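Thanks for coming. Please keep the model open while I talk.

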Amino acid sequence: MLYHQKTSIMQASQQGENMSDKEKIYLIQCLLEDVRGNWAEKVEERIKLAKQLCLEVGGDFCKLANECDDFLSQEDKEEIRGSKIAFIPQSVNFLDPLMKISDQAIGHTESEEEKKSKKIKQREIFEHYNLGPEVDEMYPFQLSGGMARRVLVSTALLSDPELVIADEPTPGLDEKTVKETLNHFRHMKEDNIGVLLITHDIHAALDVSDRIGIFYSGYVIEIAETKDFTGDGENLLHPYTKALYKALPANGFELKKGHQPLHGEIPEGCPYYNRCEMAFDRCEKERPQLISLGNKKVRCFKYEEGA
């Protein structure tokens, strides 16, 4: 239903037919969510259309039109991946079992001179993470779990990234190794490197982060400051974030009925509608935007101006 509605509005827009402001706003929302989620083809065309519709609707949407210029094109993304943005994978199995560690860390080089330069830098970073020269000639199966983690972290830093994305780096690790892994991220922060930590371990996130983004059914429903996760959670905004915090064993283990909707079950409106105790009628059919409230963001109609 949602897909067909979106498709019909897209077709109407492309054919130049008149649309109501409500339809335009809905299409703007769909276009930008596609682009942000990196699901869309013809990204530049979608951004251009979203900007055009924002200007047609007017009002506060004019500000959103200017923000459309900040989206990266596919070429921009490909240029910064592996250079300004580095990735630490979830599993140590990401390491090639048939390559020596130093060769994997350095990667492809165009010349012998470039290889020597990268080798020097690789050794400096490895030393910083207590990986001695003997590690360079090892294969992955010869490393302990902690050493393999440090190799992945060190390799990510070889390109001098501005942002490191760490995908679930702590599952299955013992407490000592978890602490060691989180300390790596603290060191990055001290070196002015941004870290995006993707995790189900909320305690790990609270331990190292400045801000926490909460996902529900594939949507960011709140971006809160870490200090908000204290007391009774009174400074948290979204009802799901509050419920998540209170469900922690240290906070009373209060559980809500129901479950996150499976793929194909996500409501047309707010993804949390069926479990929310504060839902408005509009929440069933309209999906709220992620709005800014100072240093925080929340996806909830309750916090819209005039709600």
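I start with a definition: helices (H or I, at least four residues) and strands (E, at least two) are DSSP runs, numbered from the N terminus. This is a predicted model, in which local features need pLDDT of at least 70 and side-chain atom pairs count only at pLDDT 80 or more, while totals for chains, interfaces and linings use all residues. Residues are numbered from 1 along each chain as its sequence is written, and side-chain values use heavy atoms, with hydrogens and water left out.

First, surface charge. A patch of negative charge on the surface is made up of Glu 44, Glu 45, Glu 75, Asp 76, Glu 78 and Glu 79. Helix 3 (43–57) and helix 5 (74–80) are the elements that give two or more residues to this negative patch. Helix 5 supplies the largest share, four residues. A patch takes residues with over 30% relative accessible area and no salt bridge, and joins like charges within 9 Å. Asp and Glu count as negative, Lys and Arg as positive, and His and the chain ends are not counted. The place of a charge is NZ of Lys, CZ of Arg, CG of Asp or CD of Glu. Areas come from the Shrake-Rupley method with a 1.4 Å probe, and for residues only the protein chains shown count as cover.

Glu 79 is in helix 5, and Glu 79 is exposed at a relative accessible area of 60%. For the labels, buried means under 20% relative accessible area, exposed over 50%, and partly exposed in between (1.4 Å probe, protein chains only).

Next, salt bridges. How many salt bridges does a search of the whole structure find? The search finds 16, where a salt bridge is a side-chain nitrogen of Lys or Arg within 4 Å of a carboxyl oxygen of Asp or Glu.

Take helix 9 (residues 175–190). Glu 175 and Lys 179 both lie there, four residues apart, about one turn of the helix. They form a salt bridge, with the closest N and O atoms 3.7 Å apart, and Glu 175 is exposed at 59% relative accessibility.

Arg 186 pairs with Asp 207 in a salt bridge, at 2.8 Å between the closest N and O atoms. Arg 186 is in helix 9 and Asp 207 in helix 10 (residues 202–208), so the pair ties together parts 21 residues apart in sequence. Arg 186 is partly exposed at 27%, and Asp 207 is partly exposed at 44%.

Asp 210 and Lys 189 also meet in a salt bridge, 2.9 Å from N to O. Asp 210 lies in the loop between helix 10 and strand 4 (211–216) and Lys 189 in helix 9, so this pair too ties together parts that are 21 residues apart in sequence.

Elsewhere, Lys 119, Arg 123, Glu 127 and Asp 136 are linked in a network of salt bridges.

Now the cysteines. A search of the whole structure finds zero disulfides, a disulfide being a pair of cysteine sulfur atoms within 2.5 Å. Cys 283 is buried, at 8% relative accessibility. For Cys 300 the closest cysteine sulfur is in Cys 276, 6.3 Å away, again too far for a bond.

Last, two buried positions. Ile 101 lies in helix 6 (residues 101–106) and is buried at 1% relative accessible area. Val 135, in the loop between helix 7 (112–128) and helix 8 (145–157), is buried with a relative accessible area of 1%.

Conventions. Patch = residues over 30% accessible without salt bridge, like charges linked within 9 Å, V, L, I, M, F, W, Y side chains within 5 Å.
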